[in-house]
Amino acid sequence: MSFDVARVRALYPALSDGSAWLDAAAGTQMPQPVIDAIVAAYTAGIGNAHGAFAASARSDAIVVGGDPDGVVFGPNMTTLTYRFARTLAREWRPGDEIVVSRLDHDANVRPWVQAAEAAGAVVRWAEVEVPSGELPAAQYDELITERTRLVAVTAASNVLGTMPDVPRIARKAHDAGALVYVDGVHATPHTPIDVTALGADFYATSAYKWCGPHVGAVIAAPALLERLRPDKLASAPDRVPDRFETGTLPFADLAGVTAAVDHLAGLDPQATGPRRRRVLASMAAVEAYEQAELAYLCEHLAALPHVHLIGSPARRTATVYFTVDGHSPRRVAEHLAARKINVWDGHCYAWEVTGAFGIRDAGSAVRAGLVHYNDRSDVDRLLAALEELTP
């Protein structure tokens, strides 16, 4: 199909301000149906869950909406990952090992490192290849041993866009009896996701990265969640997933999560069948569209001698990270902002990646990210503005 980006853009009120919204790697805008779903939930009135009155039943319907036993909701991926790290580390013993990668967002590194330190476990590091920005899967053959208890790896780098071979890494981990925790925050908005095919025992994602509200989730097999015992209040439910969800859930936002999934499922209007099938078809169309725009962007960035792309992975999301000769990343971002082009600068929580490339202490770099509501005019505006920045 030909991706109808004009139709998609018309669903996003924020885009009417005339900006080129190239900041989606830090958080996407909301389409009108998601906004409407959140407003409708508040307008109808909601109560806390599991009560005897109608407003409470409406909250239950929002939270359930299907089989929720394998989905743990929380305020964001970082908070949830800390929760799971503390819980899983209770089973670790001195000398046990975990494997983390320098490609990952720090939210899939620091919680595991800190939990390992508390348990006396050994931290082993998968290294990023410089200058390509690849995470070679072959290194895991040596990193994973019979003492490995957990492998934490990203499905896509939030700055370089690198998409490592997670299925191969997961197979190696499972052969050793280890669990696999996949950070899918950056990958989910850009490509069809099959958690089983990835080999993820835990798959973490954030709805605000795929046009929903600020809600995080971790997906896991209910049987796996059943054997984990997180800290919780004595009076709180002990069933799964409730035992992981401390405090009251943001019910109206959860209505927005459902609406955001429906929105993704409708990005390809020709997709038919159950919602999962429509989501996968739509995201395949999104990936093809974004990759074409990414190729155009990278080709023209390479023609600017004063702009330097960081990383050149073979498979990547539509995300670029770059520096500009003679200008700090913040100065570049300010120059672009003055022209209503939204990008991010800094390390973007890719703490280990920016250290590996030697740019962390120099203000790191500038990040521009494309999603399904960006069009060629956004890309051309970015290129024209960068061309103005002579060294």
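Colleague: In which secondary-structure element does V218 lie?

Modeller: V218 lies in strand β8, which covers residues 216–220; helices (H or I, at least four residues) and strands (E, at least two) are DSSP runs, numbered from the N terminus. Before we go on, please keep in mind that this is a predicted model, in which local features need pLDDT of at least 70 and side-chain atom pairs count only at pLDDT 80 or more, while totals for chains, interfaces and linings use all residues. Residues are numbered from 1 along each chain as its sequence is written, and side-chain values use heavy atoms, with hydrogens and water left out.

Colleague: Is V218 buried or exposed, and which residues does V218 touch?

Modeller: With a relative accessible area of 1%, V218 is buried (buried means under 20% relative accessible area, exposed over 50%, partly exposed in between, with a 1.4 Å probe and protein chains only). Leaving aside residues up to four places away in sequence, V218 touches G70, V71, V72, L80, F84, Y181, F202, Y203 and A204, where contact means heavy atoms within 4.5 Å.

Colleague: How is H335 placed, and what does H335 touch?

Modeller: H335 belongs to helix α12, residues 329–337, and is buried, with a relative accessible area of 5%. Not counting residues up to four places away in sequence, H335 touches A385, E388 and L389. From H335 to S19 there are 316 residues in sequence and 14 Å in space, C-alpha to C-alpha, whereas V218 and L309 are 91 residues apart in sequence and 32 Å apart in space, again C-alpha to C-alpha.

Colleague: How should I read the packing of α11 with α14?

Modeller: Two packed helices are described by the angle between their axes and the distance between the axes. Axes here are lines fitted to C-alpha atoms, for helices over the stretch in contact, and angles run from 0 to 180 degrees between N-to-C directions. Helix α11 (residues 275–302) and helix α14 (residues 376–388) pack at an angle of about 15°, with their axes 11 Å apart, and are therefore roughly parallel to each other (under 35 degrees counts as roughly parallel, over 145 as roughly antiparallel, 65 to 115 as roughly perpendicular and the rest as oblique). The contact involves Y289, E293, Y296, L297, H300 and L301 of α11 and R376, V379, D380, L382, L383 and L386 of α14.

Colleague: And at what angle do α10 and α11 pack?

Modeller: Helix α10 (residues 251–265) and α11 pack at an angle of about 60°, with their axes 7 Å apart, which makes α10 oblique to α11. In this contact T258, V261, D262, L264 and A265 of α10 meet R275, R278, V279, S282 and M283 of α11.

Colleague: Which backbone features deserve a second look?

Modeller: Most residues other than glycine have a negative phi, and most peptide bonds are trans. Here a cis peptide bond joins V130 and P131, with omega about 15°, and another cis peptide bond joins V240 and P241, with omega about 5°. C348 has a positive phi, near 55°, in the loop between β12 (344–346) and α13 (351–356); S364, in the loop between α13 and β13 (365–369), has a positive phi of about 60°.
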